[in-house]
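Trainee: I would like to learn how to read a model like this one. Where do we begin?

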Amino acid sequence: MGGMGGMRMGGMGAMRPKRYDVIPNKTHVVVKGLHTAPQHNGKSARIVEFDAHAGRYNVQLEDGVVVALKPTNMTQCATVHVVALNTAPHLNGQQGTITHFDDNSGRYNVQVAGKLVALQPANVVLPQGTCARVVGLTSTGGSQYNGKWGQIMDVDLGASRYNMQLDAEKQLKVKFENVRV
């Protein structure tokens, strides 16, 4: 009789391993830090796809224009929770949305309780599943991970740390203040 109807051998290659270091398609971002096209800075966009060969994300701006951005030229507009804020304790536990990261001050601009507030990364809890970059590790063993991207797998509020998956084999516990989106 005639073979194995419907099965195609050509498409049976190895499955691609899961990428923990890639921000998902459709994620809302804000463009920042462009020098050659500064007119796009501050614009909202959605990720269309990650071009692994170029190391850039193709994002579609609200006006329909698609631009290729380095991961450091955008901030994810993640929904976050405010914690350990001494100067405005009434905001602790509140939910907000990141609108920008100011590289000069090292703070997130977060829309929370009807106001825009500047918060240190230590006062912002990113949600599980967020793809984020490790920064500012100073130990000999930890500094090798600076600049690496990974997925937040778990949040330990008591220790103020994220458990991040960097690749299929490497997990890392990182303080809130050592992670950026």
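Mentor: With burial. Buried means under 20% relative accessible area, exposed means over 50%, and partly exposed lies in between, using a 1.4 Å probe and protein chains only. This is a predicted model: local features need pLDDT of at least 70, side-chain atom pairs count only at pLDDT 80 or more, and totals for chains, interfaces and linings use all residues. Residues are numbered from 1 along each chain as its sequence is written, and side-chain values use heavy atoms, with hydrogens and water left out.

Trainee: Is Asn-163 buried or exposed?

Mentor: Asn-163 has a relative accessible area of 15%, so this residue is buried. Asn-163 sits in strand β13. Strands (E, at least two residues) are DSSP runs, numbered from the N terminus.

Trainee: Which side chain does the side chain of Asn-163 contact?

Mentor: That of Gln-171, through a polar contact of 3.3 Å. Such a contact is a pair of N or O atoms within 3.5 Å; within protein, one must be able to donate a hydrogen and the other to accept it, and residues adjacent in sequence count only if both atoms are side-chain atoms.

Trainee: How do I read the sheet around β13?

Mentor: Strands of a sheet pair through backbone hydrogen bonds, either parallel or antiparallel. Here, two strands pair if DSSP finds at least two bridges between them. The open sheet has five strands in the order β14-β13-β12-β11-β15, with antiparallel pairing. Strands β14 (171-175) and β15 (179-180) stand at the edges with a single partner each, so one side of each has no neighbour in the sheet.

Trainee: How many bridges link β13 and β14?

Mentor: Five, in the antiparallel sense, with β13 spanning residues 161-165. Tyr-162 has Val-174 in β14 as its bridge partner.

Trainee: What describes a pair of aromatic rings?

Mentor: The distance of the centres and the angle of the planes. Rings of Phe, Tyr and Trp (its six-membered ring) pair if their centres lie within 6.5 Å; planes under 30 degrees apart are stacked, over 60 edge-to-face, and the rest tilted. In one of them, Phe-101 and Tyr-108 have ring centres 4.9 Å apart and planes at 65°, so the pair is edge-to-face. Phe-101 and Tyr-108 are buried. For Tyr-162 and Phe-176, the centres are 4.6 Å apart and the planes at 40°, so this pair is tilted. Tyr-162 lies in β13 and Phe-176 in the loop between β14 and β15, so the pair ties together parts 14 residues apart in sequence. Both Tyr-162 and Phe-176 are buried.

Trainee: Which side chains of strand β6 point to one face and are buried?

Mentor: Val-80 and Val-82. Val-82 has a relative accessible area of 1%.

Trainee: Which strands does β6 join?

Mentor: Three bridges join β6 to β7 (residues 95-102), running antiparallel. Thr-79 has Thr-97 as its bridge partner in β7. Two bridges join β6 to β10 (residues 124-125), also antiparallel. There, Val-82 stands opposite Val-124.

Trainee: How far apart are Val-82 and Gly-96 in sequence and in space?

Mentor: They are 14 residues apart in sequence and 7.4 Å apart in space, C-alpha to C-alpha.

Conventions
Helices (H or I, at least four residues) and strands (E, at least two) are DSSP runs, numbered from the N terminus.
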